[in-house]
Amino acid sequence: MSVTPLRGTAAPAEAAARRDAPARLEIRDLSVVYASRQGNVKALDRLSLSVGDGEFVAVLGPSGCGKSTLLKIVSGLLRPSGGQVVLGGRPVVGPRPDVGIVFQQPTLLPWKTVLDNVLVPIRALRRPVAEYQDKAMDLLRLTGLERFAGHYPNELSGGMQQRVAVARGLIHDPALLLMDEPFAALDAMTRERMTAELQAIWMKTGKSVVFITHSIPEAVFLADRVVVLSERPGRLLETIEIDLPRPRRAQTLGEPRFAALCNRLRAFFSVDGHAQ
Amino acid sequence: MAETLKTYGLPVVTFVVVIALWEASLDWFGIPAYLLPRPGAVLSAMQQAYFGGTIWIHVWATLQAMLGGFVLGCSFALLAGGLVAEFRTVERLVYPYVIALQSMPKVALAPLLIVWLGFGIASKVVLVALICFFPMFVNVVVGLRSANPDLVDLYRACSASRWHLFVNVKLPSAASAIFAGLQVALVLALLGAVVGEFVASQRGLGNLIQASSLNFDVATMFASIFTLAIIGVTASSLVRFAHRRIVFWDGSGRRTATTTTTAETA
């Protein structure tokens with residue numbers, strides 16, 4: 001997909017401006033302890049993290065570092081054992097309409113059309129559906145799916161289904177989009193294309209994004225900042241600014257600066273894949 | 001076109017071969033007609049029963065018991081399954097007993113039900129309802145629990161009401177399992193109706209079979225059995241048709257009766 005420069009070739013300074021913008025999301029000393037049969041399991045350990053308004057933050061960590069737990073807490077589905085999450089200036093104490101979620105699997109309703117799937121959050125939030133029809137079509141256009149509005153999900157490829165899920169995550173105009181390894185289930189080629197498309201969508205919509213991933217190149221390609229978490233219990237190991245100019249393109253992947261950043265991140269994961 | 005011919009033609013071949021073997025074996029082994037009547041005799045008994053009108057009162061009685069009990073049992077199962085799947089407390093209160101009762105042969109209750117409810121239709125309806133309840137109940141609970149947890153999270157993150165979530169996600173997610181339950185329940189419903197009529201009844205195909213047995217009227221017995229088979233096949237096809245139409249997004253409806261529970265619950 002060709003990406004037209006939407007904000008001009010964004011200078012690193014712009015990324016810095018997003019980082020220093022008033023925090024959209026503020027996570028302070030977050031701890032989560034689960035009770036399980038083997039006793040208490042600590043999933044997150046005094047994690048602090050902030051995401052600026054319009055900033056794209058990738059969270060990178062090994063399996064079981066509590067990334068999905070983090071997502072559930074930010075979306076208000078789970079109460080933390082300690083610490084606080086502040087979103088848009090107000091503490092998160094329950095589900096909030098200013099958060100959009102995209103999961104690893106598309107998780108669409110197979111009995112509803114693409115358009116109705118995009119409108120799912122609107123119906124659940126008890127907002128008037130009629131007012132969002134145009135917005136839904138705009139989002140389908142943005143994700144290149146306007147011709148498929150009346151189709152059912154099982155008539156679509158995996159990549160197209162995930163695009164529907166992205167449109168659904170954005171329909172209620174949340175200030176923060178949470179993405180939990182959204183491209184992990186896709187094949188490598190689709191994944192690469194989707195990554196570029198997500199960058200374009202993000203640049204157009206200007207949402208704050210928390211993007212959870214296992215993939216180092218994906219994190220570096222997309223993010224303004226990459227946050228590295230340790231193995232369970234998840235602690236913050238390092239934050240790395242990604243100062244590559246935007247929009248990043250396929251060639252970006254071949255640049256020495258890109259490789260250097262990937263290597264820096266790779267150093268946090270030893271050969272057997274465990275964070276030190 | 002050749003495929004269509006094979007699909008519909010080959011079962012006809014089987015039918016013709018079986019009838020021919022039936023006819024021939026009577027002569028080969030010298031089986032007397034009071035044990036196994038000739039196909040022609042069965043056909044004429046069926047003709048007489050259908051066109052003479054003697055069988056319809058029995059067909060109607062059996063259908064009433066079967067469908068009445070089916071609707072009653074499945075409705076209760078849907079309600080109870082919904083409550084158990086949704087409310088942890090209800091589950092803890094009733095689930096162990098439901099599972100225990102499931103392994104009990106419900107037909108053993110038939111004589112008791114007749115003592116309580118009499119020889120009429122009521123005892124059969126209740127017996128059929130009891131038999132239908134369990135496979136349906138288990139499928140409803142399993143189906144409602146099979147909803148994708150991420151979808152449930154998505155709805156919860158949008159502050160959806162419990163009812164909204166139930167109607168929009170859980171119930172459609174359970175649709176396939178519910179239809180599989182209906183399919184099993186329907187087969188068992190017919191079985192329950194006939195067993196109930198065997199035990200004590202004034203009419204019904206089960207009653208007709210027993211009465212014919214006492215008179216050594218084997219042809220009528222066969223006619224009744226074929227009629228039961230026709231009822232069973234027709235009812236199953238209707239449920240399968242509804243499954244395909246209603247749960248259009250699910251591929252398994254296209255195959256034959258899919259069951260998540262076993263049919264041996266009766």
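Me: Is Glu181(A) buried or exposed in this predicted model?
Reply: The model is predicted. A residue counts as buried when 20 or more other C-beta atoms lie within 10 Å of its own. Glu181(A) has 20 other C-beta atoms within 10 Å, so Glu181(A) is buried.

Me: What is the phi of Glu181(A)?
Reply: Glu181(A) sits in the loop between β7 (176–180) and α7 of chain A. Glu181(A) is not a glycine, yet its phi is positive, at about 45°.

Me: Which residue forms a cis peptide bond with Arg246(A)?
Reply: The omega of this bond is about -10°.

Me: How are α6(A) and α7(A) oriented to each other?
Reply: Helix α6 (residues 158–170) and helix α7 (residues 188–205) of chain A pack with their axes 11 Å apart, at an angle of about 20°. Angles under 35 degrees count as roughly parallel. The angle therefore makes α6(A) and α7(A) roughly parallel.

Me: How many charged residues are there in the contact of α6(A) with α7(A)?
Reply: From α6(A) come Gly158(A), Gly159(A), Gln162(A), Val166(A) and Leu170(A), and these meet Thr190(A), Met194(A), Ile201(A) and Thr205(A) of α7(A). By class, the contact has 4 nonpolar residues and 5 polar residues, and the number of charged residues is none: no charged.

Me: What is the handedness of the crossing where α6(A) passes α7(A)?
Reply: The two helices pack at an angle of about 20°. The crossing of α6(A) past α7(A) is right-handed.

Me: On the side of chain A that touches chain B, how many residues are nonpolar?
Reply: The contact between the chains takes 16 residues from chain A and 14 residues from chain B. On the side of chain A, β6 (99–102) and α4 (120–124) each supply at least two residues. This side has no charged residues, 5 polar residues and, for the nonpolar class, 11.

Me: How many strands does chain B have?
Reply: The elements of chain B run α-α-α-α-α-α-α-α-α-α from the N terminus on. Chain B has 10 helices, and its number of strands is 0.

Me: What percentage of the residues in chain B are buried?
Reply: The C-alpha atoms of chain B fill a box of roughly 75 × 55 × 30 Å along the principal axes. Among contacts in chain B with a separation of 6 or more, 77% are between residues 24 or more positions apart. Of the 266 residues in chain B, the buried share is 38%.

Me: What is the C-alpha to C-alpha distance between Met136(B) and Ala77(B)?
Reply: Met136(B) belongs to helix α6 (residues 121–145) of chain B and is buried, with 30 other C-beta atoms within 10 Å. Not counting residues up to four places away in sequence, Met136(B) touches Gly73(B), Cys74(B), Ala77(B), Gly181(B), Leu182(B) and Ala185(B). Met136(B) and Ala77(B) are 59 residues apart in sequence, but the C-alpha distance is 5.8 Å.

Me: How do α8(B) and α9(B) lie to each other?
Reply: The axes of α8(B) and α9(B) are 7 Å apart, and the packing angle is about 45°. Angles under 35 degrees count as roughly parallel and those of 65 to 115 as roughly perpendicular, so an angle between these ranges counts as oblique. α8(B) and α9(B) are therefore oblique.

Me: How many charged residues does the contact of α8(B) with α9(B) hold?
Reply: α8(B) contributes Ala193(B), Val194(B), Val195(B), Gly196(B), Glu197(B) and Phe198(B), while α9(B) contributes Leu205(B), Gly206(B), Asn207(B) and Gln210(B). The contact of α8(B) with α9(B) divides into 5 nonpolar, 4 polar and, as charged residues, 1.

Me: What distance separates the end C-alpha atoms of helix α10 of chain B?
Reply: The buried residues of α10(B), including Met221(B), Phe222(B) and Val239(B), pack against α2 (39–51), α3 (56–86), α8 (162–199) and α9 (205–214) of chain B. Helix α10(B) has 29 residues, and at 1.5 Å a residue it should span 42 Å. The distance between the end C-alpha atoms agrees with this, at 42 Å.

Me: What is the phi of Ser159(B)?
Reply: Ser159(B) lies in the loop between α7 (149–157) and α8 of chain B. Ser159(B) is partly exposed, with 16 other C-beta atoms within 10 Å. Ser159(B) is a residue other than glycine, and its phi is positive, near 55°.

Key:
Residues numbered from 1 in each chain as written. Chains lettered and ligands numbered in written order. Predicted model: local features only at pLDDT ≥ 70, side-chain atom pairs only at ≥ 80, totals over all residues. Helix = DSSP H or I, 4+ residues; strand = E, 2+ residues; numbered from the N terminus. Expected span 1.5 Å × (residues − 1). Buried ≥ 20, exposed ≤ 12 C-beta atoms within 10 Å, placed from the backbone. Contact = placed C-beta atoms within 7 Å. Axes fitted to C-alpha atoms, helices over the stretch in contact; angles between N-to-C directions. Parallel < 35°, antiparallel > 145°, perpendicular 65-115°, else oblique. Left-handed = near helix turned anticlockwise from the far one by under 90°. Nonpolar A, V, L, I, M, F, W, Y, C, P; charged D, E, K, R; others polar.
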